[in-house]
Amino acid sequence: MTRHRIPPIAPSEITPEALYRRRREFLRTLALGLPLLAVGCGREGEAEARAEAAPAVPTGTPLAGTRNASLSTDEPLTAWSDVTGYNNFYEFGTGKDDPAKNSRHFHPKPWSVEIAGHAEVTGRYALEDLYQPTALEERIYRHRCVEAWSMVIPWVGFPLADLLKRFKPTAQAKYVAFTTLRRPGEMPGQNYAVLDWPYREGLRIDEAMHPLAFLAVGVYGRELPNQNGAPLRLVLPWKYGFKSIKSIVRIEFTEQQPRTAWNQAAPEEYGFYSNVNPDVDHPRWSQATERRIAGNGFGLFGNRIRTRPFNGYAEQVASLYSGMDLRKNF
Amino acid sequence: MAHSAPAQQPRPAPRHDLVARSKPLVFALCLLPLVWLTWDVWQGTLGPDPVAQLEHRTGDWALRLLLASLAITPLRRLGGWHKLVRYRRMLGLFAFFYACLHLTTYLVVDLGGFWTQIFAEIVKRPYITVGFAAWLLLIPLAATSTHAMMRRLGRHWQRLHRLVYLIALLAALHFLWLVKSGQKIAVREPLVYLAIYAGLMLARVPWRRQAARTARRPAAMQ
């Protein structure tokens, strides 16, 4: 397999290390000024912190992708250390730092994916046969967690539709169901009945075929780290993060709406669609705003921003749901 | 503090009075979580979501100190350490202090420009409703914590300060209800606090009865 050795992050995007190191200095200034701090001052600080922030050195096997500029946001990126050190992946524990801590013994190679259900072509395929390394793209997407925090992440991967079409789904294929690997020996979180393992997610076929639906094999120009869903995960930027299922081993075309893990665990809290919607609150917290974890992992002030319908992707995806009551179909 | 009686000269702590002499130490211990938190802010070691950390840690310490103040009575009765009662006000006031930091963090640091959201949250979210109620109820207790107020309120003082039983319950529920539902692991921690609360409340029951009996005795002798 040929792999580009050049990381896809433009050199201009990488803040010089010296500047990056100064972020602490900035925070000290902020901390010293705390008693006097006015809101306006915090806002200024935010901009400064974001300008200075940069990914702490990404690690892992480089994996290049051509930037898809039209589908990428130019918002400040969430640092590599935050993307890979702070996330939910209950297969490795329920704490935000558990995935990074507990996924070291996970083996994402070799990997194969079973394609099943209403399609002309089905069977088990090695991951290497599912995409062309030379055709990989980089897309910078907003990521909105249902817990009301968000990130901006440069994924490397390929459109989900490209993969699905190769298997020629039939007219009966109304939905696509995805399943995560179940391997309690390497995924210690699966030893607890937190969810009904294996993790399952699903999409309506038109959602799955939408150009924004993305299968990631890398992040920050590197192969996906174990904690981020290695070696293959879904990325659905207009939906809450838990819809973007990780470490996928099975894709099935179904006629009925598939049962999904979170929806089954708490149907009144997590709907099948789970599109980002500031007007429909989670029963226990507001979805109107979110805390952006981007650029300034050290900043305390001014991280809260307004949540946009469909996470800011309404222009592209709203038509998928025209005529639907999004309060009922949350 | 403003509570020293006007007629009396403030007495220096006698050498043998361990409680009086250890109070500065307890005070410093109660401040440690804040020092530790300030250090983490300073060093930038609060992790990717420092705001959530600030909220969790100030909330944790408010609840812990509240439970510590509730532990005084059982420890006096069961362990016979009667002098412990003299630490109670400090523990209670520090609980209020951390509760204030907790609320301020949520309002100023977390919600920030969206602080008006708190009104909707208080109405709509049971966990915020009970948390806010717990903080509100702590205000009269903190305000009446001086010796002067104790004297002025007489036996009503104790009745008022029994509110702390409700406050600690609300605080523990505030923690329990904010974690994801159906998350057996995530509810473990708030359940531990609830269990401690239940234990501390249960430890009071038999002593109540005995106290009632002792109180009735003189009447029975007539």
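**Questions on a predicted two-chain model**

Of the 222 residues of chain B, 23% count as buried, and the model to which this value belongs is a predicted one.

Trainee: Which pattern does chain B follow when read along the sequence?

Mentor: Chain B has 10 helices and zero strands. Among its contacts with a separation of 6 or more, 65% are accounted for by residues 24 or more positions apart. Read along the sequence, the pattern of chain B is α-α-α-α-α-α-α-α-α-α.

Trainee: Are helix 1 and helix 2 of chain B roughly parallel or roughly antiparallel to each other?

Mentor: Helix 1 (residues 18–43) of chain B packs against helix 2 (residues 50–79) of chain B at an angle of about 175°, and their axes are 11 Å apart. Angles over 145 degrees count as roughly antiparallel. Helix 1 of chain B and helix 2 of chain B are therefore roughly antiparallel.

Trainee: How many charged residues are there in the contact of helix 1 of chain B with helix 2 of chain B?

Mentor: From helix 1 of chain B the contact takes Cys30(B), Pro33(B) and Leu37(B), and from helix 2 of chain B it takes Leu54(B), Arg57(B), Trp61(B) and Leu65(B). Arg counts as charged. By class these residues divide into six nonpolar, no polar and, for the charged class, one.

Trainee: In which sense does helix 5 of chain B cross helix 8 of chain B?

Mentor: Helix 5 (residues 126–143) of chain B and helix 8 (residues 163–178) of chain B pack with their axes 8 Å apart and at an angle of about 155°. Because this angle is over 145 degrees, the two helices are roughly antiparallel to each other. The crossing of helix 5 of chain B past helix 8 of chain B is left-handed.

Trainee: How many nonpolar residues does the contact of helix 5 of chain B with helix 8 of chain B have?

Mentor: Helix 5 of chain B contributes residues including Tyr127(B), Val130(B), Gly131(B) and Leu137(B), which meet residues of helix 8 of chain B, among them Leu166(B), Ile167(B), His174(B) and Trp177(B). Gly is among the residues that count as polar. In this contact no residues are charged, two are polar, and the number of nonpolar ones is 17.

Trainee: Turning to chain A, which strands are the edge strands of the open sheet of five strands?

Mentor: The open sheet has the order 3-2-11-6-7 with mixed pairing. An edge strand pairs on one side only, and in chain A this holds for strand 3 and strand 7 (200–204).

Trainee: Which residue stands opposite Ile115(A) in strand 11 of chain A?

Mentor: Strand 2 (residues 112–117) of chain A pairs with strand 3 (residues 123–126) of chain A in the antiparallel sense over four bridges, and these two strands form a hairpin with five residues between them. Strand 2 of chain A is also joined by four bridges to strand 11 (residues 248–254) of chain A, and here the strands run parallel. In strand 11 of chain A, the residue opposite Ile115(A) is Ile251(A).

Trainee: Is Phe272(A) buried, exposed or partly exposed?

Mentor: Phe272(A) is found in the loop between helix 8 (261–265) and strand 12 (289–292) of chain A, and beyond its neighbours within four places in sequence it is in contact with Gln257(A), Thr260(A) and Asn263(A). A residue is buried if 20 or more other C-beta atoms lie within 10 Å of its own, and exposed if 12 or fewer do. With 19 other C-beta atoms within 10 Å, Phe272(A) is therefore partly exposed.

Conventions. Residues numbered from 1 in each chain as written. Chains lettered and ligands numbered in written order. Predicted model: local features only at pLDDT ≥ 70, side-chain atom pairs only at ≥ 80, totals over all residues. Pairing = 2+ DSSP bridges. Axes fitted to C-alpha atoms, helices over the stretch in contact; angles between N-to-C directions. Parallel < 35°, antiparallel > 145°, perpendicular 65-115°, else oblique. Left-handed = near helix turned anticlockwise from the far one by under 90°. Contact = placed C-beta atoms within 7 Å.
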